[in-house]
Amino acid sequence: MQAPERQQRLAALRDTIADIERKPALAEAVNRPRGEPGIFPALPAGLVQEVYVDGARDSGASLAFALTQAKSLLTARRSTIYYVQLADEGKHFGLPYGPGLHWFGIDPAKLVIVRVADMTEFLWATEEATACRAVAAIIAEVKGNPKLLNFTASRRLSLRASANRVSLFMLRYGQRRESSAGHLRWRLMPHRSGRHAFDDRAPGAARWHLRLEKGRIAGNQLDWMLEARKNGFAIFSKPVGLGRYQAETPLPGAAPALLGHRLSQAS
Amino acid sequence: MLHLPYWATDYLKRAEPRLKENPLALYERIKGGLRLAALDPEGLQNGLRLGQNLADARAIWPALTVLEIDRPRLETAFGDFADWHSNASPLVSVMTDISRFGDLVLDITGVAHLFGGETEMLRTLIIRLRKLGYRVSGAIAPTIGAAWAVSHFARSQVVEDDSFAALLDALPVAALRLEESQLLTLGQMGLKTIGQVRQYPRKSLHTRFSQILLRIDQAFGAIEERMTPRLPLVDHLVEQRFADPISLMDDVLRTTHDLSVKLSKTLEAEGLGGQTFHLFLYRVDHKVMTLSLNAGRVTRDPEHIADLFRHRAQRLETEYDPGFGIDMVRLAASSTDRLDAVQTGAFSIEEGTEDIARLNDRLSSRLGPLAVLRTEMVASRLPERAARLVPTQSGQTDAPIAAPPLQRPVKLLPMPEIVAIMAEVPHGLPASMVWRGESFRLVSGQGPERLGAEWWRKQERLKLVEPPKPKKPEPGEKPVPPPYIPDLLLFNPDAGTRDYYVVEDQHGSRFWVFRQGLYSKGNRPIWYLHGFFP
């Protein structure tokens with residue numbers, strides 16, 4: 001009895017707020033991703049996910065995390081993944097490598113690499129690709145915190161992404177977090193790899209510690225210990241201490257980030 | 001063929017009306033002396049001639065205005081002038097045999113009827129130019145050589161097939177487009193007109209004057225002479241003329257949209273689609289701006305074509321210069337191919353490829369074709385050669401080469417970076433690494449994967465087997481010549497060999513490193529970081 005009434009009241013309040021803001025209620029059709037304990041949830045299409053790693057040394061890990069998710073979004077209708085990068089950052093972070101993608105289980109022909117000259121073109125190209133309903137996912141790599149990629153720009157991108165159900169992965173670097181309208185923000189920390197089946201000294205399957213810094217997945221789990229497998233992720237252990245990352249973990253977002261968080265969650 | 005003998009001075013006078021007051025001459029520095037290079041007709045009438053000393057010319061006529069000739073500027077200006085004539089015929093070129101400017105060749109095959117016949121066309125073109133202040137003579141003839149001869153050495157006329165041999169025979173030998181020295185020799189032989197040269201036995205001419213025979217054959221049509229048109233050849237075109245010139249970029253784009261609708265209808269009627277589209281903007285001041293772009297696949301969708309030009313135009317906004325206005329816009333399609341109308345069925349599964357091709361078109365029309373890339377595999381063992389990035393717009397690909405099932409990183413650095421690596425024993429697993437000023441303790445590793453250098457791509461000599469020792473020739477036998485050894489460095493297989501290792505540091509970051517070269521006496525191989533594993 002109590003619950004429906006409360007929900008109605010909440011809906012009415014939301015409409016009131018929308019009226020105050022003189023615009024229609026935010027049209028984000030993305031539901032909160034469902035999750036079950038014990039497995040990493042299959043995240044739906046149309047989310048903007050930021051993946052933070054500490055530096056260029058882990059750029060392969062964040063790309064692999066994005067590609068594993070993008071692979072599950074590929075269909076006959078949505079057949080292509082786009083990768084956007086500033087042309088002069090390719091030398092620093094490297095470029096996606098065809099034979100490596102093949103080894104990883106992705107057909108290199110399905111990945112289009114867009115190398116742009118400056119940040120304006122970067123945003124334009126990303127938005128153009130987000131508007132296309134034949135794109136499965138976009139992986140955009142940004143170094144540092146460019147001024148143009150502010151809250152407004154990311155809000156535009158996230159609205160487009162959820163309207164067209166195109167997933168956008170922003171691969172970011174460093175410790176600083178600025179406000180953004182992304183739905184989820186991950187922090188990816190590599191973990192010592194598993195055992196190699198035939199060679200004790202060789203690194204085995206890649207393992208990562210993922211921490212959800214922004215957004216919520218039903219179940220409210222914040223930490224995952226994942227192992228990359230051919231067909232997705234597997235959880236290899238319960239979340240443990242953060243090791244060297246414990247001391248450096250930044251404050252959980254600045255005030256504007258909180259604001260952005262609330263906006264992106266209102267629906 | 002249009003001949004503008006005084007084009008240089010006419011052009012300068014038109015550009016600067018102040019110069020019209022006095023006769024004009026242009027001079028040039030030749031071998032330390034100042035010589036006249038171009039004159040207007042008043043100068044010629046008053047005893048000046050080309051190649052005269054500048055001081056002499058000034059003495060003859062003190063009122064003469066002289067300027068130094070700027071050949072590159074005149075040549076580009078004449079090129080623009082020639083392009084503007086593409087409103088008369090699509091095939092226009094500049095003939096540069098005698099002078100870099102002044103001679104225009106137009107192929108008017110199938111065009112003359114638009115002007116009401118050949119005579120009328122010649123008259124229109126000549127009067128149009130005379131009104132602009134250019135002195136011009138012209139001729140229409142079956143061959144380029146004949147038209148050149150008539151336009152230079154006879155009155156402007158249309159030369160008919162039956163009369164042109166007689167007409168040419170009467171012209172002087174200079175009408176054969178020959179060099180000064182050859183003209184002098186012909187003069188010494190007493191041959192004045194083309195007719196006399198033709199009566200001279202051909203065999204004896206052949207040894208000394210093959211050039212003259214070539215020109216005669218070209219003029220009389222025995223050898224075909226070709227022209228290279230300046231503007232791209234187009235199959236299908238539509239155009240829009242304006243009574244009042246337009247200049248705003250928005251107007252041009254709107255016109256482009258209208259034209260692409262028209263063009264699309266023309267193409268549809270023939271069941272064709274185009275892959276390359278050209279936009280020609282004809283400016284009032286006789287310049288033509290061209291813009292060409294490619295679509296990823298054959299298309300005739302008007303919205304798409306207009307969009308492509310709009311994106312490119314936004315990028316070129318700073319370079320766009322309409323001058324005093326644009327009075328004609330032409331849109332053309334080339335590289336056409338069959339494109340059948342497709343019916344979209346209600347139950348067919350939608351394919352994304354068309355949308356992707358469109359998106360690539362849009363991206364590369366604004367960012368440039370080199371910004372939108374896909375991976376193409378190459379049959380090579382060297383990692384940096386095994387895959388290359390090619391523009392998505394570069395057309396169809398060959399049969400794809402399957403990547404070998406080898407462990408390769410997802411990201412590769414375009415340039416391998418030098419790292420300092422310590423290993424416990426020379427060929428053991430790396431134990432520590434310094435990269436970009438940061439040190440890593442490497443706890444596990446896999447390798448080496450040894451890749452040899454590709455000797456067939458090196459400009460080096462390969463030593464396969466020892467050459468046999470030269471034997472002393474027995475008496476009565478010819479000595480065996482020593483084997484040919486090219487003057488190249490000896491290929492060293494060890495120096496180019498790489499050992500690749502997959503290494504992981506104590507936190508779990510994984511790298512792909514390699515050592516170039518092998519350890520040997522006096523040789524310290526260098527380590528590089530090449531890629532990142534997940």
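Visitor: Is Arg165(A) buried, partly exposed or exposed?
Guide: This is a predicted model, in which local features need pLDDT of at least 70 and side-chain atom pairs count only at pLDDT 80 or more, while totals for chains, interfaces and linings use all residues. Arg165(A) sits in the loop between helix 6 (151-164) and strand 6 (167-173) of chain A, where helices (H or I, at least four residues) and strands (E, at least two) are DSSP runs numbered from the N terminus. Buried means under 20% relative accessible area, exposed over 50%, and partly exposed in between, with a 1.4 Å probe and protein chains only. Because its relative accessibility is 37%, Arg165(A) counts as partly exposed.

Visitor: What is the phi of Arg165(A)?
Guide: Residues are numbered from 1 along each chain as its sequence is written, chains are lettered from A and ligands numbered from 1 in the order in which they are written, and side-chain values use heavy atoms, with hydrogens and water left out. Arg165(A) is a residue other than glycine, yet its phi is positive, with a value near 55 degrees.

Visitor: Which residue does Gly447(B) join through a cis peptide bond?
Guide: The omega angle of this bond is about 0 degrees.

Visitor: How many Å apart in space are Gly296(B) and Glu224(B)?
Guide: Gly296(B) lies in strand 11 (residues 288-299) of chain B, and it is partly exposed because its relative accessible area is 24%. Not counting residues up to four places away in sequence, Gly296(B) touches Gln275(B), Asp361(B) and Gln393(B). Glu224(B), by contrast, is 72 residues from Gly296(B) in sequence, and the C-alpha to C-alpha separation of the two is 37 Å.

Visitor: What is the radius of gyration of chain B?
Guide: The radius of gyration is taken over C-alpha atoms, and the globule rule is 2.2 Å times the number of residues to the power 0.38. The C-alpha trace of chain B spans about 95 × 95 × 50 Å along its principal axes. A compact globule of 534 residues would have a radius of gyration near 24 Å, whereas chain B has 34 Å.

Visitor: How many Å separate the centres of domain 1 and domain 3 of chain B?
Guide: The domain bounds come from an automatic or database domain assignment, which for chain B gives domain 1 (2-140), domain 2 (232-339 + 354-403) and domain 3 (411-533). Taken over C-alpha atoms, the centres of domain 1 and domain 3 of chain B are separated by 64 Å.

Visitor: What percentage of the residues of chain A count as buried?
Guide: Chain A has eight helices and 10 strands. Among its contacts with a separation of 6 or more, 73% are between residues 24 or more positions apart. Of the 267 residues of chain A, the share that counts as buried is 52%.

Definitions and conventions
Contact = heavy atoms within 4.5 Å.
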